[in-house]
Amino acid sequence: MLKSVVIAAAEESHNPLIPEWPDIIGALICFIVILFFFWKLVLPRMTKLLDERAQAIEGNIEKADEAQRKAEALLEEYTAQLAEARAEAGKIRETARADGQKIVAEAREAAATEAARVTAQAQAQLEAERQTALVQLRGEVGSLAIDLASTVVREALDEDKRAQAIVDRFLADLEADEQKAGSGN
C-alpha cells in the first residue's frame, strides 16, 4: 500500500509542501496588515512602556545609590560616635579610679590624723595621770617620811613649814636621782 501512495504522488506534478500563489498573496496581505497594526499601535506603546520602566529602574537605582551613600555616612557617623563614647567611657573610668584613689588616700590621711590625735590625747591623759599620781605620791611620801622621821628621832615635828621643807627637799632629791637615771638610759 505504501508503494501505491508513492506511485500516486510521483504521478502528480504538484508539490504539497509549496503553497499556491493565491495562498502566498493572501498570507502576505495579512502579514502586512498585522505588521502595520503592530508598527503603528503596539510598538509605540511597548516602547513607551519600556522607556517608563527603564526610567523607573534608573530612578530606583539612583535612590538605592543615594540610600546606600546615606547608610554609609550614617555608619561612619555611628562608628565615630561609638569611638567617641568609648573614649569618653574610658575617661570616666580613669576619673573614677583617680577619685577612688583620692578618696582612699584622704581616708587614710584622716585615719592617720585621727590616730595621731587619739595617741596625743592618750599621751596627754597618761601625763596628767602621771602628774596626779606624782602629786599623790609626794603627799604620801611626805607623810610617810614625817612619820618615819618622827619615829626615828622620836620627836614630833610641829611646824608645817619645816616639815614641808624637809619633804620638798627629799622629793627634789628623788626627782634629781630619777632624772639622772632617765638621762643615763
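Glu127, Arg130 and Glu178 are joined in a network of salt bridges. This is a predicted model, and five salt bridges are found in the structure. Here is a friendly tour of the network and of two further pairs.

**The network and its link between helices**

**The Arg69 pair in helix H2**
- Arg69 makes a salt bridge with Glu66, with 2.7 Å between the closest N and O atoms.
- The two residues, Arg69 and Glu66, are three positions apart in helix H2 (residues 21-153), so about one helical turn separates them.
- Arg69 is partly exposed at 46% relative accessibility, and Glu66 is also partly exposed, with a relative accessible area of 33%.

**The Arg97 pair in helix H2**
- Further along, you will find Arg97 in a salt bridge with Glu94, where the closest N and O atoms lie 2.7 Å apart.
- Here too the spacing is three residues within helix H2, so Arg97 and Glu94 are about one helical turn apart.
- Arg97 counts as partly exposed, with a relative accessible area of 48%, while Glu94 is partly exposed at 46% relative accessibility.

- Side chains of opposite charge can pair when their charged atoms come close.

How values were computed
Residues numbered from 1 in each chain as written. Predicted model: local features only at pLDDT ≥ 70, side-chain atom pairs only at ≥ 80, totals over all residues. Heavy atoms only, no water. Salt bridge = Lys/Arg side-chain N within 4 Å of Asp/Glu carboxyl O. Helix = DSSP H or I, 4+ residues; strand = E, 2+ residues; numbered from the N terminus. Buried < 20%, exposed > 50% of the residue type's maximum accessible area, 1.4 Å probe, protein only.
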